[in-house]
Amino acid sequence: MSLWGDFNDAPRLSWEEEPAGCADTAADLPGAGKVAIDLAAIATFLEVVFGYCDGLIPVRGFVDQGQGIESRPHNIWVPADRHATESLGAYATWAAREGTAVYVIPGTVAEHGQARAEHIQQMQAVVVDLDAGNIEAKLGHLVRHLGPPTLLVESGGRTVEGAAKLHVWWRLTEPAEGADLARLCALRGEMAEKVGGDAHFRSAHQPIRVPGTVYRKGGAERVVAIRHHDPRREVDLAELAEAVATMPFLPGQERAQPASEGDWPSLDAVLTTPVREGAQDGWTRFQGASAAIGHFIRQVHEGRLTPDQGWEAICGYNAACLRPAWPLERLKAEADAIWALHVERNGPPLLRAEAPPAAVPAHTLGALLDDTSPMPEDLIGPRLLTPGGMLVLGGAPKVGKSDFLISLLVHAAAGAPFLRFTAPRPLRVFYLQAEIQYHYLRERLQQLRLDPAILARARDTLVVTPKLRMLLDAQSVALVAAAIRQAFPDAPPDILCIDPIRNLFDGGPAGEGENDNAAMLFFLQSRVEALRDQVAPEAGIILAHHTKKLSKQQVKDDPFLALSGASALRGFYTSGLILFRPDEEHTARELHVELRNGPGLEPMRVDKVAGRWVELDRKGERLVRKDIGRKLDAERLRKHDVILGILLDEAAEGRLYSTMQFAEAFENQSDLGSKHTIRERLSVLATKGFVKFRRDGTEFGHPTVRSRFGYLCVEGMTFGSGVETVDPTTGEITNIPLRVLPSHFKCPQSGNCLEVENPEVWVYPEGVLDGLTPEELGLTPHSFRKDSP
């Protein structure tokens, strides 16, 4: 076929307009060297097929035949929202680079991992796949009886006559749900039957190619193109069903007769008869492979074959009877899926032992009692993370889980203690994270307020990935293992960290989500531990995970019950941390620790203060009437602020006050209360060093007071508008603030009035600043703690 043979030069039908959403250029032609993804076509397709739907779009990646590439299917789930084009476009770009075709199931599901027919919740378009015979005649028959379609797609394939294969779409006025889904699928099958289309679309979960992506089957390379798009064209499901019912069969298209039970091949025929692709033998490769795999899986399940013998028999059938044979990855995925379904229906298998009993390690009680060799050194003590162990850190979104984890890893990489946890030496840490993009990751790391020596020691021993958009499947495990070896070429890492589980979760061939116990065990054993076994069998694993939406009381009663997903996770890990905020009005968090290999640890109360995570003293925590207590604390803090502010403002206007005169002058002003309340607050502030006194006020035009203490004085106080001074050299006149310095202070132990040794240095009693809250510290005018007496 010539270079120009790929363009559709068939005459347009009367209802067709100029092609829309198609980006074919010279670069898209076979032999041009590169085919570009058409984002406009992807956007158009998503609007027609999912524009009215809610939920997740199951996306499937299969390697087209004829490329010499063997790979298992790659599955993702894309939310049907305004970001769907961007997400699917990014996946399509990756797929084009990897030689993978992009399909979707044209309906939405509720959760990740769901892709079966019973999982489909909404569909909003009806499709007919025209892939054989006289394509234009079939299309004309459909248009004549059903009206023009909303979208017409050239799927990239060609019939034996050289015509472009087509997907014909009609968008519905609203999504089909419930019983209407079965009606829609039956309608797709009837339409295909009457014109000779692909009958597989009777199934709700039948995938279909996405326009704008790349077709590479049989060595050809084309963009799946949109030939026609009418955005105004919508049909009612009931009206379309009536039109299909009255539509005659295409002349020459015989009604397909269902095969009787006796027409199906016998088991011997299935296992010995070659099956060619395209259902050329009335028996598809998928049907043949499923029947053969099911036969051998039953034998393994019943104990008549070992698992290795069963897999060998399945591979033998694949090589002998499927023409062409399936890639081993696809064969393995199908076998795993059928095995899981068979176990679900028939219970646990009776497996034949594949190894002699001596291969299972076992020790007598005496040997264990007599073994006094040293215990392995903790990676993070005490027993938080042991060699070969697994630590799970759980927390609700935005509770500070990743920030806490970063601080823990930095200290571990530096060999420095963190809270109560210690590392015996600087550890090599690989942090695989899938939440924070590169620029925000570096910003967060640069904002760490840690000891410079700790950061210096951890510069080369902590390696962090930016946000990754992938599942941790078999292919990704190999990619991550290669990245770890490149990051630590001289010695294996001590810690592998994955943050979070949800963004990288791969539940196995069945595609189940993290709520399924079997899928969770598959991920932990076949993905996480498989990754560790490849790079560092003795490394510790840290997993970050989200928690469920439980009440505060439920989390307090059993913190680790809050871990999201399957309960198998809790039975698998060796230690756990739960970080949660018991009171949303305060920043303090509770940190609960669960250890399998060590004694229990008391819960900790932690918070981030001045850029560092610190442990708070639980002894000062209020136990009863917490709400009213917080309100009283806030009121005392407010009066603290108001009193200091008034004293500063009044002095600036030329007024000084003794304690009694201030209390009487500002009684019931600014909600300070009575004069007795104000005197009590001033007494407290004087004891804490926020207020001091000046006996002699003659410098400011005030007499010497006879009271016990004197005029009230606060740090940074100035009197009046200042004193005018003239520069003798320039003659410039400036106002120099007249400072009000203290002469006496109240002793915090005895309450006596004592003289200030150095008025230029404002001294706070020892320990006062240490006991202040961040809010109280923010009200003090000091810039640093003064330790001199």
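1. Strand β13 (residues 390–395) and strand β18 (residues 575–580) pair in the parallel sense, over five bridges. Within this pairing, Val392 stands opposite Gly576 of β18. The model is a predicted one, and the points below should be read as such.

2. β13 has another parallel partner in strand β17 (residues 540–546), where the pairing runs over six bridges. Here Met390 has Ile541 of β17 as its bridge partner.

3. How many of the six residues of β13 are buried? Six of the six are, so the strand is largely enclosed by the rest of the structure. In a regular strand, side chains alternate between the two faces of the sheet. In β13, Met390, Val392 and Gly394 point one way, while Leu391, Leu393 and Gly395 point the other way; all are buried.

4. The largest nonpolar core has 40 residues. Ile380, Leu405, Phe421, Ile542 and Leu577 are the residues with the most contacts inside this core. Helix α11 (residues 401–414) gives the most to the core, contributing nine residues.

5. What does Phe421 touch, leaving aside its neighbours within four places in sequence? Its contacts are Ile380, Gly381, Pro382, Leu384, Leu577, Leu591, Val593, Leu601 and Met604. Among them, Ile380 and Leu577 are listed with Phe421 as residues with the most contacts inside the largest core.

6. Thr465 is in the loop between β15 (462–464) and α14 (474–487). Leaving aside neighbours within four places in sequence, Thr465 is in contact with Phe430, Tyr431, Leu432, Gln433 and Leu441.

7. Side chains of opposite charge can pair when their charged atoms come close. The count of salt bridges in this model comes to 29. One of the pairs is Glu136 with Arg227, at 3.5 Å from N to O. This pair links distant parts of the chain, as Glu136 is in helix α3 (residues 135–146) and Arg227 is in strand β10 (residues 225–229), 91 residues apart. Glu136 is partly exposed, with a relative accessible area of 27%, whereas Arg227 has 9% relative accessibility and therefore counts as buried.

8. Arg202 and Glu193 also form a salt bridge, with their closest N and O atoms 3.2 Å apart. Arg202 is partly exposed, at a relative accessible area of 43%. Glu193 has 19% relative accessibility and counts as buried, because buried means under 20%.

9. A further salt bridge joins the side chains of Glu635 and Arg638, at 2.8 Å from N to O. Where do these two residues lie? Both are in helix α19 (residues 626–652), three residues apart, which is about one turn of the helix. Glu635 is partly exposed, with a relative accessible area of 30%, and Arg638 counts as partly exposed at 28% relative accessibility.

10. Which residues does Arg171 join in a network of salt bridges? Arg171 is linked with Glu47 and Glu234 in this network.

Key:
Residues are numbered from 1 along each chain as its sequence is written. This is a predicted model: local features need pLDDT of at least 70, side-chain atom pairs count only at pLDDT 80 or more; totals for chains, interfaces and linings use all residues. Side-chain values use heavy atoms; hydrogens and water are left out. A nonpolar core is a set of buried Ala, Val, Leu, Ile, Met, Phe, Trp, Tyr and Cys residues joined through side-chain atoms within 4.5 Å. Buried means under 20% relative accessible area, exposed over 50%, partly exposed in between (1.4 Å probe, protein chains only). Helices (H or I, at least four residues) and strands (E, at least two) are DSSP runs, numbered from the N terminus. Contact means heavy atoms within 4.5 Å. Two strands pair if DSSP finds at least two bridges between them. A salt bridge is a side-chain nitrogen of Lys or Arg within 4 Å of a carboxyl oxygen of Asp or Glu.
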